[in-house]
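Work through the exercises below with the sequence and the structure in view. Try each task before reading its solution.

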Amino acid sequence: MFRNLKIVFIALLLITMAGAQQKANSPQRAKPAATDAKVAGLPSEAAVNGFLQQTFGYNPALTWKIEDIKPSPAQGVAEVTVIITSPEGQQPSTFYVTADGEHALLGEIIPFGVRPFDHAKQTLEKGINGPSRGPADAPVTVVEFSDLQCPHCKEAQPTVDKLLSEDKNARLVFQNFPLPSHDWAAKAAYYADCIGRDSNDAVWKFIQSVYDAQKEISAANADEKLKGLADAAGAKGAEVAVCAAKADTAGRVEHSVALGKSVDVGGTPTLFVNGRKIGNVSGMPYEALKSLVDFAAKDAGAKK
């Protein structure tokens, strides 16, 4: 349903991009400091709210909150992220606004150049701090940004697992990226970070078990459920819970989220294959993903 909502969002934006500068009542923004839009060229919060009111105001079942307004990787273009809520749930959506405030752009801004993915690859190499599996000297590093409460991450996991079991060219690094719209994802990320620092074997069992138990976990029972899953994975759940509550653990997860945002991660799951961004893993055929990994391995060999 989330993907259908995104399609509706895009369709409505295409129809109603013009004339959305008037003020309107709307939900509170998620990050007040991030949406002040004091930087020249960024749209104001009032302009974004007016735009969304013109786009979605016909349907009282749809509400939104502004997640971020910031410069995009493309000079002169602002990036706006909003959380759209429907009866089916919440969906983060991103669009772009030109500096004159007259046009919205849909789609994705991607890097360009002879080596378009090298910058993201180098950024990730310097910043990754999550658990890994696969050959340490593999020519391809696949970095996965994931939210343990995200159903699409669960859907994508069999494809990622198959890749790691069949393709020795790849090493996988798991980076926590809990979405603010999920009410127990951050806590699960803290548990995963603590387990990963103690046992590389246990953390992968824990990650899979959390995916499998998503429907049984809630914000109210998260500690109880996560401690039990940690025990079952071979970690000491009570000790992991203590670690998960520490400020330095939250700092490590915040570092992972900031790293993802620095390479334009806006949702989960997102993979990077030697810096090449893949945002729709669960909808990608396995053969296509494997071809990208094999191509990256050959490219890495040709650079040596």
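The protein has 10 helices and 9 strands, where helices (H or I, at least four residues) and strands (E, at least two) are DSSP runs, numbered from the N terminus. The model is predicted: local features need pLDDT of at least 70, side-chain atom pairs count only at pLDDT 80 or more, and totals for chains, interfaces and linings use all residues. Residues are numbered from 1 along each chain as its sequence is written, and side-chain values use heavy atoms, with hydrogens and water left out.

**Exercise 1. Find what share of the 304 residues in the protein is buried.**

Step 1. Take the cut-offs: buried means under 20% relative accessible area, exposed over 50%, and partly exposed in between (1.4 Å probe, protein chains only).

Step 2. Apply them: buried residues make up 45% of the 304 residues.

**Exercise 2. State which residues touch the most other members of the largest nonpolar core.**

Step 1. A nonpolar core is a set of buried Ala, Val, Leu, Ile, Met, Phe, Trp, Tyr and Cys residues joined through side-chain atoms within 4.5 Å.

Step 2. The largest such core has 47 residues, and Val-142, Leu-148 and Phe-206 touch the most other members. Helix α6 (residues 200–212) supplies the largest share of this core, 7 residues.

Step 3. Look at Leu-148. Contact means heavy atoms within 4.5 Å. Leaving aside neighbours within four places in sequence, the contacts of Leu-148 include Phe-174, Trp-184, Phe-206 and Tyr-211.

**Exercise 3. Give the strand order of the open sheet and identify the edge strands.**

Step 1. Two strands pair if DSSP finds at least two bridges between them.

Step 2. The 4 strands run in the order β1-β2-β3-β4, with antiparallel pairing.

Step 3. β1 (63–71) and β4 (104–105) each pair on one side only, and are the edge strands.

**Exercise 4. Explain why the buried residues of helix α8 lie on the same side of α8.**

Step 1. List the buried residues of α8 (residues 237–244): Gly-237, Val-240, Ala-241, Cys-243 and Ala-244.

Step 2. These residues lie on the same side of α8 because they cover an arc of only 160 degrees around the axis. The arc is that of the directions from the helix axis to the C-beta atoms.

Step 3. Turn to the face away from the buried side: it carries the exposed residues Ala-238, Glu-239 and Val-242.

Step 4. Find the cover: α5 (185–198), α7 (222–233) and α9 (247–262) are among what covers the buried residues of α8.
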